[in-house]
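This report walks through a protein chain by way of its aromatic rings and its packed helices. Please keep the sequence and the structure in view while reading.

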Amino acid sequence: MLSGFTKLCKGLAVILIGGHVVVQLLPTSVTYLALIPARTIPFGWNLITAGYIEQSVHGVVVSTLGLLFMGKLLEPIWGSKEFLKFIFIVNFLTSVCVFITAIALYYLTMQEKYLYMPLSGFHGVLAGFLVGIKQIVPDQELYLLKIKVKWLPSLMLLLSIAISFFTPESATYLPTLIFGTYIGWIYLRYLQRKPESKLRGDPSEDFAFSTFFPEFLRPIIDPIASIFHRMLCGKSEVSSNPQGYTLGGAPLLGSDPIEASRRRERGARALEERLAAEKLAAGRDSEEPHIDGNDRV
């Protein structure tokens with residue numbers, strides 16, 4: 001479990017740890033690196049840098065471990081370039097949405113804390129990673145929790161919302177988690193390129209927005225989600241043929257249910273191969289001391 005991390009993930013982990021060290025040694029750097037809505041206009045770069053700055057020890061530990069372990073599954077399937085692109089887009093758009101939300105909350109409540117609280121952290125991207133894992137291996141069951149992977153983003157948001165009722169600092173993390181999840185889903189659902197098929201997105205029913213909710217809520221969620229679907233895809237329809245989405249009778253670039261199914265199969269196969277390799281490596285490590293002992297005798 002502690003091996004097989006990609007070079008890109010290790011490099012990003014160094015950036016997260018380095019960012020935490022910088023804000024600890026130079027507390028004033030938070031003003032320039034974290035997202036402070038009242039100062040974003042002159043310091044626009046903090047829409048990018050805020051996602052890589054962890055202000056707490058537990059934050060940098062969770063973000064680093066989450067990056068390494070989830071990246072070990074996602075990067076080999078997506079490719080390094082697509083993996084880095086996903087991180088950049090989800091981080092940037094999440095920061096933009098959080099900035100707009102903070103300004104809106106200020107005008108609704110007239111409380112200046114929404115303008116001057118420093119917002120930062122990699123947890124928005126981690127939420128997007130959970131959506132990516134939901135897409136690739138939705139039916140994989142977690143060994144300890146006995147729940148399917150497809151419910152991880154929903155459970156994470158439900159738990160975060162529940163905790164927010166008991167913590168006064170919920171505004172510093174909850175919007176980032178919500179927008180990170182939603183932006184991650186939009187990117188994977190409609191925008192992600194697939195070089196092997198030259199298509200975009202994942203139109204499969206198993207990855208619809210309503211799959212984040214329990215079965216009994218889906219008849220309510222689907223009509224609402226269809227409104228946003230039409231906003232993103234125009235007057236599109238889901239056809240019964242393998243081409244997926246259509247626009248005016250012509251296939252909409254980027255939507256092949258068969259390709260989505262193949263991608264999930266590749267993800268499940270990659271996960272099984274990685275687990276098998278780790279078990280084999282662990283078996284070899286346990287046999288070596290026994291062999292050394294026999295040689296000594």
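This is a predicted model: local features need pLDDT of at least 70, side-chain atom pairs count only at pLDDT 80 or more; totals for chains, interfaces and linings use all residues.

**Aromatic pairs**

A pair of aromatic rings is described by the distance of the centres and the angle of the planes. The structure holds 18 aromatic pairs, and one of them joins Phe 88 and Phe 92 in a stacked arrangement, with 5° between the planes. How are the rings of Phe 122 and Phe 129 arranged, stacked or edge-to-face? Their planes stand at 70°, so this pair is edge-to-face. The two pairs are set out below.

| Pair | Centre to centre | Angle between planes | Arrangement |
|---|---|---|---|
| Phe 88 and Phe 92 | 6.4 Å | 5° | stacked |
| Phe 122 and Phe 129 | 6.4 Å | 70° | edge-to-face |

Phe 122 and Phe 129 are both buried. They also take part in a cluster linked by ring pairs, whose other members are Tyr 52, Trp 78, Phe 83, Phe 86 and Tyr 187. Phe 83 and Phe 86 are among the buried residues of helix 5, together with others including Ile 87, Val 90, Val 98 and Tyr 106.

Helix 5 has 30 residues and reaches 43 Å from its first C-alpha to its last, which is close to the 44 Å expected at 1.5 Å a residue. Just after this helix, Met 110 takes a positive phi of about 60°.

Helix 7, which runs over residues 123-136, has 14 residues and reaches 20 Å between its first and last C-alpha, close to the 20 Å expected at 1.5 Å a residue. How many of the residues of helix 7 are buried? The count is 14 of 14, and the helix is described as mostly covered. His 123 lies in helix 7, and its relative accessibility of 17% places it in the buried class. When neighbours within four places in sequence are left aside, His 123 is in contact with Glu 54, Ser 63, Thr 172, Tyr 173, Thr 176 and Leu 177.

**How the helices pack**

Two packed helices are described by the angle between their axes and the distance between the axes. The axes of helix 7 and helix 8, the latter covering residues 152-164, come within 8 Å and cross at roughly 150°. These two helices are therefore roughly antiparallel to each other. On the side of helix 7 the contact is made by Ala 127, Leu 130, Val 131 and Lys 134, while helix 8 contributes Leu 152, Pro 153 and Met 156.

Helix 1 (residues 7-25) and helix 4 (residues 57-78) pack at an angle of about 170°, with their axes 9 Å apart. That angle makes helix 1 roughly antiparallel to helix 4. Residues of helix 1 including Leu 8, Leu 12, Leu 16 and His 20 meet residues of helix 4 including Val 57, Val 60, Leu 67 and Glu 75.

Lys 134, already named in the contact between helix 7 and helix 8, has its charged end over the ring of Phe 212, 4.6 Å from the ring centre. Phe 212 lies in the loop between strand 2 (199-200) and helix 10 (218-233), and at 10% relative accessibility it counts as buried. Phe 212 and Lys 134 are 78 residues apart in sequence, yet their C-alpha atoms are 9.7 Å apart in space. Not counting residues up to four places away in sequence, Phe 212 touches several residues, among them Val 131, Lys 134, Trp 151 and Pro 153.

**The chain as a whole**

The protein chain contains eleven helices and five strands. Of its 297 residues, 43% count as buried. Among contacts with a separation of 6 or more, residues 24 or more positions apart account for 66%.

How values were computed. Residues are numbered from 1 along each chain as its sequence is written. Side-chain values use heavy atoms; hydrogens and water are left out. Rings of Phe, Tyr and Trp (its six-membered ring) pair if their centres lie within 6.5 Å; planes under 30 degrees apart count as stacked, over 60 as edge-to-face and the rest as tilted. Buried means under 20% relative accessible area, exposed over 50%, partly exposed in between (1.4 Å probe, protein chains only). A charge sits over a ring if NZ of Lys or CZ of Arg is within 6 Å of the ring centre and within 35 degrees of the ring normal. Helices (H or I, at least four residues) and strands (E, at least two) are DSSP runs, numbered from the N terminus. The expected span of a helix is 1.5 Å times one less than its number of residues. Axes are lines fitted to C-alpha atoms, for helices over the stretch in contact, and angles run from 0 to 180 degrees between N-to-C directions. Angles under 35 degrees count as roughly parallel, over 145 as roughly antiparallel, 65 to 115 as roughly perpendicular and the rest as oblique. Contact means heavy atoms within 4.5 Å.
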